[in-house]
Amino acid sequence: MQAATLPESRTFSQEEVLSIEVFKRGTPPCSFCIQAIQFIRSRFPKAELSEYDIQSNPDLWKQFNLAGIKTVPQITFVLKEGGERVFIGGFAELTRAIKKN
């Protein structure tokens, strides 16, 4: 789960993003997780989307807790150039990380 932290001023266009990882809670449904996935699908239609339910993976949930992350969704972009993984954060950070066209 190694990823660079997103500088607050950094934004991304759909041309830069190869894939997106969304770490979510599946049960009960997480409204911010659902909104994030819908937002990603509308803004990044060409990016591969991977969803991970942290409740079904205790080791992953433990890693999140050790890193001080207590909320979902948590989103990571994998960039086309160089395959760099960039940790975006939650839904609010996701909306700020999108380049305005």
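Visitor: What does Phe77 touch, leaving out residues up to four places away in sequence?
Guide: This is a predicted model. In it, Phe77 contacts Phe12, Val17, Ser19, Ile20, Phe44, Glu84, Arg85, Val86, Ile88, Leu94 and Ile98.

Visitor: Which residues touch the most other members of the largest nonpolar core?
Guide: Ile20, Ile75, Phe77 and Leu94 do, in a core of 19 residues.

Visitor: And which elements give two or more residues to this core?
Guide: Strands S2 (17-24), S4 (74-79) and S5 (85-89) do, along with helices H1 (31-43) and H3 (91-96). H1 gives the most, with four residues.

Visitor: What's in the second, separate core?
Guide: That core has eight residues. Phe23, Leu60, Phe64 and Val72 are among them.

Visitor: Switching to strands. In what sense do S4 and S5 pair?
Guide: Antiparallel, over four bridges. Phe77 sits opposite Val86 in S5.

Visitor: How many residues lie between S4 and S5 in the hairpin?
Guide: Five. Gly82, in the turn, has a positive phi of about 80 degrees.

Visitor: Where is Gly83?
Guide: Gly83 is in the loop between S4 and S5.

Visitor: How far apart in space are Gly83 and Val17?
Guide: They are 9.2 Å apart, C-alpha to C-alpha. In sequence, Gly83 and Val17 are 66 residues apart.

Methods
Residues are numbered from 1 along each chain as its sequence is written. This is a predicted model: local features need pLDDT of at least 70, side-chain atom pairs count only at pLDDT 80 or more; totals for chains, interfaces and linings use all residues. Side-chain values use heavy atoms; hydrogens and water are left out. A nonpolar core is a set of buried Ala, Val, Leu, Ile, Met, Phe, Trp, Tyr and Cys residues joined through side-chain atoms within 4.5 Å. Buried means under 20% relative accessible area, exposed over 50%, partly exposed in between (1.4 Å probe, protein chains only). Contact means heavy atoms within 4.5 Å. Two strands pair if DSSP finds at least two bridges between them.
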